[in-house]
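Please read this briefing alongside the sequence and the coordinates.

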Amino acid sequence: MLETVKQILKFYVENQKIPSLWDLNLSDDIKALQDKKWSVFVTLYKSWEICGSMWNIMPIEANFIDELIKSTVEAIIDKRYTEITILDVENIKIRIDLIKNKKLLDSNQVKISTIKPLKTWIIAIKNNYEKLAVVLPNISISIKDWVDLYKVLNYKLDEEFKETNYILYEFETTTFTDF
């Protein structure tokens with residue numbers, strides 16, 4: 001999977017176009033995943049700082065490989081960060097989170113203290129959809145328990161986080177990195 005993202009990264013930066021399946025040299029392991037309908041989160045790092053990321057809560061492409069291509073290209077062109085150039089490509093580090101075990105939590109019953117931030121993601125969407133925060137597991141060494149998670153949510157949402165004011169999702173992922 002990491003090798004496929006590296007190929008997508010290199011192809012897109014060199015050609016400024018989205019690669020097709022035929023532009024990539026896919027391993028048999030990746031080809032076997034073609035019919036899966038999985039969401040994927042791709043995070044790119046330059047000099048150990050995030051330089052692009054993209055994901056969707058639900059898969060939107062026809063198959064997993066197309067989903068991986070789309071998420072990788074969207075991470076490459078992520079406008080929140082500086083452009084990734086051909087000179088950067090060889091030094092880009094990759095984190096891929098294959099999203100599984102998604103569940104919508106009942107915010108009237110679930111307390112933030114039951115979330116395990118070292119194991120699961122949390123996505124908090126304000127009930128009126130005006131704010132959103134995503135916290136990945138093991139994304140920061142400063143998030144060790146629910147107290148740290150609560151502080152991060154307060155910061156990301158720019159307000160005091162209250163479970164009943166948010167739609168909450170919890171996810172587990174399988175993570176692949178080249179670092």
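In this predicted model, 6 strands form an open sheet in the order E2-E1-E3-E6-E4-E5, with antiparallel pairing. Strands E2 and E5 stand at the edges, where each has a single partner strand, so one side of each is left without a neighbour in the sheet. From one strand to the next, the twist averages 25°.

**Strand pairing and helix packing**
- Strand E3 (residues 93-105) and strand E6 (residues 166-177) run antiparallel and are joined by 9 bridges; Asp-97 stands opposite Thr-175 in E6.
- Helix H1 (residues 2-15) packs on the sheet, where it touches E1, E3 and E6, and its direction makes about 115° with that of E3.
- Helix H4 (residues 146-157) lies across strand E4 (120-126), E5 and E6, and runs at about 145° to E5.

**Ser-39**
- Ser-39, which belongs to strand E1, has a relative accessible area of 0% and is therefore buried, the cut-off being under 20%.
- Leaving aside residues up to four places away in sequence, Ser-39 touches Asn-56, Ile-57, Met-58, Pro-59, Asp-97, Leu-98, Ile-99 and Lys-102.

**The largest pocket**
- The largest pocket holds about 560 Å³ of space, and its lining is made up of 18 residues, of which Ser-53, Arg-80, Tyr-81, Val-134 and Lys-156 lie nearest its centre.
- Strand E1 (39-46), strand E2 (49-54) and strand E5 (132-135) are the elements that give two or more residues to this lining.
- Sorted by class, the lining of the largest pocket comprises 13 nonpolar, 2 polar and 3 charged residues.

Note on methods
Residues are numbered from 1 along each chain as its sequence is written. This is a predicted model: local features need pLDDT of at least 70, side-chain atom pairs count only at pLDDT 80 or more; totals for chains, interfaces and linings use all residues. Side-chain values use heavy atoms; hydrogens and water are left out. On a 1 Å grid over the protein atoms alone, a cavity is a set of points where a 1.4 Å probe fits but cannot get out, and a pocket is an open set with protein on both sides within 12 Å along at least five of seven lines; lining residues have an atom within 4 Å of a point. Grid points are joined across faces, edges and corners, and a volume is the space filled by probe spheres set on the points. Helices (H or I, at least four residues) and strands (E, at least two) are DSSP runs, numbered from the N terminus. Ala, Val, Leu, Ile, Met, Phe, Trp, Tyr, Cys and Pro count as nonpolar, Asp, Glu, Lys and Arg as charged, and the others, Gly among them, as polar. Buried means under 20% relative accessible area, exposed over 50%, partly exposed in between (1.4 Å probe, protein chains only). Contact means heavy atoms within 4.5 Å. Two strands pair if DSSP finds at least two bridges between them. Axes are lines fitted to C-alpha atoms, for helices over the stretch in contact, and angles run from 0 to 180 degrees between N-to-C directions.
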